[in-house]
Amino acid sequence: MTTVTVPTFGDLLREHLDGVPRSAYPYLLSCLERTAAQRYRGWAEAVPEHRDGLLACAGREDEIADRVQALFPPSADDKAMVEAVMPAAKQTYYDVFEGHDPFEQMFIQADAEKQGSQAWQNMKAAYPEHSAAMDALTALELESGRYLDALLADR
């Protein structure tokens, strides 16, 4: 595997994150989770020998998004604001993977899962009543990160 630089996704996406009010932040994160699910589905097509595991990761990303949207249903205004910034945020996220083969992309995503797990832990301060739910989201993120780490261990 060539040398792959993994960005700090929070910093990379800051301009998009800062563009929405705090109330819309959970919905924005849930939309980014769905973007990651799309990536996993693409890798499942590109690397069919790992299809089942990658689709399980995609399912976890969708589960995270579903849980977040159930916990924090967005207002119409927040939803509209997030949907306005999502195309640019998604492109920023996708650009990180550009020029890398699927295994290098999964290496980047493995780190992104670990970073994502920390985002849920950081949200516990703002939403202490949802601490257990945030821990469950963290566990889902880390499960996908562990899967990718194991898949890439030989590379």
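User: What kind of model is it?

Analyst: The model is predicted: local features need pLDDT of at least 70, side-chain atom pairs count only at pLDDT 80 or more, and totals for chains, interfaces and linings use all residues. Residues are numbered from 1 along each chain as its sequence is written, and side-chain values use heavy atoms, with hydrogens and water left out.

User: At what angle do H3 and H5 pack?

Analyst: The angle is about 40°, and the axes of H3 (residues 25-46) and H5 (residues 76-97) are 9 Å apart. Helices here are DSSP runs (H or I, at least four residues), numbered from the N terminus. Axes are lines fitted to C-alpha atoms over the stretch in contact, with angles from 0 to 180 degrees between N-to-C directions.

User: Which residues of H3 and H5 meet?

Analyst: Among them are Leu28, Cys31, Leu32 and Trp43 in H3, and Val82, Met86, Ala89 and Phe97 in H5; contact means heavy atoms within 4.5 Å. The contact of H3 with H5 has 13 nonpolar, two polar and four charged residues. Nonpolar covers Ala, Val, Leu, Ile, Met, Phe, Trp, Tyr, Cys and Pro, charged covers Asp, Glu, Lys and Arg, and the others, Gly among them, are polar.

User: And how do H5 and H6 cross?

Analyst: Their axes come within 9 Å and cross at roughly 125°. Tyr93, Val96 and Phe97 of H5 make the contact with Gln105, Ile108 and Gln109 of H6. Those residues divide into four nonpolar, two polar and no charged.

User: Changing topic, what is the volume of the largest pocket?

Analyst: The largest pocket has about 640 Å³. A pocket is an open set of points on a 1 Å grid over the protein atoms alone, with protein on both sides within 12 Å along at least five of seven lines; lining residues have an atom within 4 Å of a point. Points are joined across faces, edges and corners, and a volume is the space filled by probe spheres set on them.

User: Which helix gives the largest share of that pocket's lining?

Analyst: H6 does, with 10 residues. By class, the lining has 14 nonpolar, eight polar and seven charged residues.

User: Which residues line the largest cavity?

Analyst: Arg22, Tyr25, Pro26, Met123, Ala126 and Tyr127 line the largest cavity, a cavity being a set of points where a 1.4 Å probe fits but cannot get out. About 30 Å³ of space lies in it.

Note on methods
Helices (H or I, at least four residues) and strands (E, at least two) are DSSP runs, numbered from the N terminus.
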